[in-house]
Number of protein chains: 2
Amino acid sequence: MADIHPEHAHIIEQTKANMPSEEVLEKTAEVFKVFGDKTRIRILAALSEGEMCVCCICEILGMSQSAVSHQLSVLKSARLIKSRREGKQMYYSLDDAHIGAILCTGISHVEED
Amino acid sequence: MADIHPEHAHIIEQTKANMPSEEVLEKTAEVFKVFGDKTRIRILAALSEGEMCVCCICEILGMSQSAVSHQLSVLKSARLIKSRREGKQMYYSLDDAHIGAILCTGISHVEED
DNA sequence: TGAACATATGAACAATTGTTCATATGTCTT
DNA sequence: AAGACATATGAACAATTGTTCATATGTTCA
């Protein structure tokens, strides 16, 4: 590992001081890890159109109920979506405004230039 | 897989029509996958304070030069950061405003409630 | 040119992850 | 209460990923 140049020392200290806590960074990485899968992104993109039941999501994605349900549970554990029961069906929706914003900005980054 | 209720049919069609292309969703998932690692999040958090050389990043993270360099190359391939050489040193910085925004919103989501 | 420095890269290994299949849970209707 | 329906969950397998170690590339200065 390279030596630390004296003129870098205070940048290092300053940056360390301004960084969010290790706990926050760890949890943030966990959240993005959940965004980092095509099936889950497709689910989130569908839900950004509005609340939806599981069978609709399966139909839109063209995937098995089991695969979708597993991913819904991952999304819910990470608090990216929330659920509501109506009779036999479960309706899912984005958890809060952050989720739509993150998704949107990510898509913009991909779509631009 | 459950049957499609008639009242759901048009929601399904509508949502399918409004979804970004498969290619965009795939690429978006790839971008978030890159955000989904603690080491890379720490690097991005450091770079959000400003441009920085590799040895500073190693020092801030307390990690080996090799591990950091590998992750920098992942971040760069995904166009989350860009680099600039100055003599023997490489300086890295966030690629564009989207990256800081995504990171920031993710951290906010974690820090709130 | 050669030595020293800063960073990059290839191979390899352990650990994590997404899907499928089978089955369980919870809800409604008769 | 039983059967049908909608969704959830456990086990298992293939595939992907992050780090380490060793070494290569590129740059400066004597």
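This is a predicted model: local features need pLDDT of at least 70, side-chain atom pairs count only at pLDDT 80 or more; totals for chains, interfaces and linings use all residues.
Which residues are closest to DNA strand C, and how many surround it? Residues are numbered from 1 along each chain as its sequence is written, chains are lettered from A and ligands numbered from 1 in the order in which they are written, and side-chain values use heavy atoms, with hydrogens and water left out.

**View 1. The protein surface around DNA strand C.** DNA strand C is surrounded by 27 residues, and the closest are T39(A), R40(A), S66(A), Q71(A) and Y92(B); a residue is near a strand if one of its heavy atoms lies within 4 Å of it. Of the atoms of DNA strand C that come within 4 Å of the protein, 62% belong to sugar and phosphate. By residue class, this surface holds eight nonpolar, twelve polar and seven charged residues. Here Ala, Val, Leu, Ile, Met, Phe, Trp, Tyr, Cys and Pro count as nonpolar, Asp, Glu, Lys and Arg as charged, and the others, Gly among them, as polar.

**View 2. Side chains of chain A meeting DNA strand C.** H70(A) instead has a side-chain N or O atom 3.4 Å from a base oxygen of DNA strand C. The elements giving two or more residues to this surface are helix 3 and helix 5 of chain A, together with helix 4 (54-61), helix 5 and strand 3 (89-94) of chain B. Helices (H or I, at least four residues) and strands (E, at least two) are DSSP runs, numbered from the N terminus.

**View 3. Side chains of chain B meeting DNA strand D.** Around DNA strand D there are 27 residues, of which H70(A), Y92(A), T39(B), S66(B) and Q71(B) come nearest. S66(B) places a polar side-chain atom 2.6 Å from a base nitrogen of DNA strand D, while S64(B) has one 3.5 Å from a phosphate oxygen.

**View 4. T39(B) and its surroundings.** T39(B) lies in helix 3 of chain B, and its side chain has an N or O atom 2.6 Å from a phosphate oxygen of DNA strand D. With a relative accessible area of 15%, T39(B) is buried (under 20%, using a 1.4 Å probe and protein chains only). Beyond neighbours within four places in sequence, T39(B) is in contact with L61(B), M63(B) and Q71(B) (contact means heavy atoms within 4.5 Å).

**View 5. Where chain A meets chain B.** Here 61 residues of chain A are in contact with 61 residues of chain B. The area buried between these chains is about 5400 Å², with 72% from carbon and sulfur atoms; buried area is the accessible area (1.4 Å probe) that two parts lose on being put together, summed over both. Six salt bridges are counted between the chains (a side-chain nitrogen of Lys or Arg within 4 Å of a carboxyl oxygen of Asp or Glu). One of them joins E26(B) and K38(A), at 3.6 Å from N to O.

Note on methods
A polar contact is a pair of N or O atoms within 3.5 Å; within protein, one must be able to donate a hydrogen and the other to accept it, and residues adjacent in sequence count only if both atoms are side-chain atoms. Buried means under 20% relative accessible area, exposed over 50%, partly exposed in between (1.4 Å probe, protein chains only).
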